[in-house]
Amino acid sequence: MMQIYVVREGDSIDKIAAAFGVSAEVIAYDNQIPAPYPLAVGQALLIPGESDSSAEQKRAVYVNGYAYPYIQDYVLSGTLPYLTSLSVFSYGFTADGNLVPPHTDDSRMIGEAWRHKTAPVLVLTPFDQTGMFNNYLISQITHDLTAQQRLIDQMFITMEEKGFAGIDLDFEYILPQDRVAYADFVANVRSQAAPRGYFVSVALAPKTSADQRGLLYEGKDYKLLGAAAASVLLMTYEWGYTYGPPMAVAPINKVREVVEYAVTEIPREKIDLGIPNYGYDWTLPFVQGTSRARSIGNVEAVQIAIENDARIAFDQTAMSPFFHYEKDGVWHEVWFEDVRSMREKFHLVTEYGLRGVGYWQIMRLFRANWLLLDDLFDIVKQ
């Protein structure tokens with residue numbers, strides 16, 4: 001089993017490697033530490049360990065990752081071995097039901113997915129020409145059954161031509177009055193997809209109660225959508241977000257609240273836990289309506305800490321790492337994910353008996369996360 005070690009004052013990669021009896025090069029590779037192998041105090045490292053043949057059989061989980069078609073080759077090839085499915089983000093549609101493909105050709109990633117025994121998934125989103133979720137498009141496609149059937153037919157044609165294995169419906173900001181119509185749309189897609197051998201999943205905003213207010217939540221009926229789709233993704237991330245105040249992206253206490261509600265409405269074996277593969281760098285002081293955090297990768301976050309001689313702390317409530325630093329006279333606050341915070345999320349999957357996990361998104365390689373996931377679970381493959 002792998003272990004997690006938190007870097008202390010005076011540590012070096014050679015000293016840590018000697019203490020655990022493993023290769024410094026392996027630690028550096030697994031944790032994506034560039035030469036000459038600098039470390040930050042408070043940095044969490046994944047340390048390889050010997051396999052335990054007497055250990056209990058690992059639990060099987062489904063693992064999905066969202067990616068844009070322009071994902072870099074080395075990131076795709078380094079991640080696909082750990083994915084059950086790869087969600088291609090994204091296909092859109094017009095109000096009259098014509099399917100709109102991504103701007104970048106997705107043939108490469110579909111072919112690579114199958115080469116790694118990973119199922120490629122067509123993600124359908126109601127984006128307008130500005131790339132924003134559009135309520136009008138959602139209303140039109142859920143109520144105009146002629147346009148709806150045209151869209152479904154075109155999806156199946158594209159799926160057969162390109163080799164997709166399933167459909168993911170990622171509709172957000174659904175109007176409350178379209179709540180039932182949207183669930184009926186999901187059920188209609190699934191009823192026609194299943195005989196063709198395609199699975200259908202749906203993304204759900206992170207609700208904690210059936211009557212939760214707000215446009216992000218009111219149009220998403222957990223009970224109806226859980227019955228309509230073959231599986232669901234809880235979007236349990238974005239508490240910390242671009243325009244919000246500094247905080248963890250996926251604080252475990254908030255994530256747990258969503259899961260506790262979800263399992264009362266949806267069968268556990270249908271639920272995937274959403275996991276963020278990113279963090280944010282805020283400038284301080286935060287000013288509502290003016291401040292805008294910069295999205296960063298989890299490996300990049302550690303490098304920022306090293307470059308600015310910052311100590312990484314770990315919030316015991318959110319179970320997430322964070323740090324502060326000063327650059328050019330401006331203070332920053334950074335929240336991100338590391339193997340400790342990921343381990344907490346993996347424990348929730350086991351505790352609640354969920355089907356698996358879904359990552360938004362896999363555009364940045366986070367090798368230690370995948371190694372830890374593989375160490376704890378048996379990843380389902382096609």
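A pocket is an open set of grid points with protein on both sides within 12 Å along at least five of seven lines, and its lining residues have an atom within 4 Å of a point. In this predicted model, the second largest pocket is lined by 19 residues, and those nearest its centre are Ser85, Phe199, Ser231, Asp272 and Arg355. Two or more lining residues are given to the second largest pocket by each of β3 (59-67), β4, β8 (199-204) and β9 (231-234). Among these strands, β3 gives the most, with 4 residues. The volume of the second largest pocket is about 240 Å³. By class, its lining has 8 nonpolar, 8 polar and 3 charged residues.

The largest pocket has a volume of about 1,800 Å³. Its lining comprises 50 residues, of which Phe89, Phe127, Gly131, Phe133 and Trp360 are the closest to the centre. At least two residues of this lining are supplied by each of β4 (85-93), α8 (215-218) and α10 (252-265). The largest share, 5 residues, comes from β4. Strand β4 also gives two or more residues to the lining of the second largest pocket. The lining of the largest pocket divides by class into 30 nonpolar, 13 polar and 7 charged residues.

About 180 Å³ of space lies in the largest cavity, which is lined by 20 residues. Of these, Asn31, Gln43, Ala44, Val302 and Phe366 lie nearest the centre of the cavity. The elements β2 (44-47), α11 (298-307) and α13 (367-376) each supply at least two residues of the lining, and α11 gives the most, with 4 residues. The lining of the largest cavity consists of 10 nonpolar, 6 polar and 4 charged residues.

Two helix pairs were considered next. Two packed helices are described by the angle between their axes and the distance between the axes. Helix α10, which supplies at least two residues of the lining of the largest pocket, packs with helix α12 (residues 339-352) at an angle of about 20 degrees, the axes being 11 Å apart. Because angles under 35 degrees count as roughly parallel, α10 is roughly parallel to α12. The crossing in which α10 passes α12 is right-handed. On the side of α10, the contact is made by Ile252, Val255, Arg256, Val259, Glu260 and Val263, and on the side of α12 by Glu344, Lys345, Leu348, Glu351 and Tyr352. The residues of this contact divide into 6 nonpolar and 5 charged, with no polar residues.

For the second pair, the axes of helix α5 (residues 135-143) and helix α7 (residues 179-193) come within 9 Å and cross at roughly 60 degrees. This angle makes α5 oblique to α7. Helix α5 passes α7 in a left-handed crossing. In the contact, Ile141, Thr142 and His143 of α5 meet Ala181, Tyr182 and Phe185 of α7. By class, the contact of α5 with α7 has 4 nonpolar and 2 polar residues and no charged residues, whereas that of α10 with α12 has 5 charged residues and no polar ones.

Note on methods:
Residues are numbered from 1 along each chain as its sequence is written. This is a predicted model: local features need pLDDT of at least 70, side-chain atom pairs count only at pLDDT 80 or more; totals for chains, interfaces and linings use all residues. Side-chain values use heavy atoms; hydrogens and water are left out. Axes are lines fitted to C-alpha atoms, for helices over the stretch in contact, and angles run from 0 to 180 degrees between N-to-C directions. Angles under 35 degrees count as roughly parallel, over 145 as roughly antiparallel, 65 to 115 as roughly perpendicular and the rest as oblique. A crossing is left-handed if the near helix is turned anticlockwise from the far one by less than a right angle, and right-handed if clockwise. Contact means heavy atoms within 4.5 Å. Ala, Val, Leu, Ile, Met, Phe, Trp, Tyr, Cys and Pro count as nonpolar, Asp, Glu, Lys and Arg as charged, and the others, Gly among them, as polar. On a 1 Å grid over the protein atoms alone, a cavity is a set of points where a 1.4 Å probe fits but cannot get out, and a pocket is an open set with protein on both sides within 12 Å along at least five of seven lines; lining residues have an atom within 4 Å of a point. Grid points are joined across faces, edges and corners, and a volume is the space filled by probe spheres set on the points.
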